[in-house]
Amino acid sequence: MRLRIYEVDVPIHDTRHPDRHGVHVFTGVADSPTTALRRAHEVYDAALAAHTAGLEIPGKQPDSWGVCGLRPGWQLEWPAAKAGPWHNPVSWTVRSDFAL
């Protein structure tokens with residue numbers, strides 16, 4: 001079993017303003033895209049349940065998955081979620097189109 005950092009991108013839209021949309025990004029350690037997607041959904045559901053109950057949102061879990069914040073009124077579109085290996089956008093190994 002090879003663990004690596006995955007990114008799960010979930011489309012999101014504002015239920016009050018359908019023209020407003022974006023992507024909620026989750027990252028964490030997993031052994032496959034399927035596991036990453038499952039963990040992202042689990043930590044989101046736990047955060048939403050805590051928020052709904054008036055409790056503090058749980059922090060990062062031991063496997064590094066967690067939710068930093070919620071957007072009340074926004075709906076995540078889980079069927080359209082995509083999971084894949086995370087690529088550090090500021091890594092020196094990533095080509096950049098801007099100069100420092």
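Predicted model: local features only at pLDDT ≥ 70, side-chain atom pairs only at ≥ 80, totals over all residues.
If we search the whole structure for aromatic pairs, we find three of them, where rings of Phe, Tyr and Trp (its six-membered ring) pair if their centres lie within 6.5 Å, and where planes under 30 degrees apart count as stacked, over 60 as edge-to-face and the rest as tilted. Residues are numbered from 1 along each chain as its sequence is written, and side-chain values use heavy atoms, with hydrogens and water left out.

One of the pairs is Phe26 with Tyr44, which is edge-to-face, at 6.4 Å centre to centre and with 85° between the planes. Phe26 lies in strand S2 (residues 21-30) and Tyr44 in helix H1, so this pair ties together parts that are 18 residues apart in sequence; helices (H or I, at least four residues) and strands (E, at least two) are DSSP runs, numbered from the N terminus. Phe26 is buried, with a relative accessible area of 2%, and Tyr44 also counts as buried, at 10%, where buried means under 20% relative accessible area, exposed over 50%, and partly exposed in between (1.4 Å probe, protein chains only). Together with Trp78, Phe26 and Tyr44 form one aromatic cluster.

The phi of Ser64 is near 80°, a positive value in a residue other than glycine, and Ser64 counts as partly exposed, at 22% relative accessibility.
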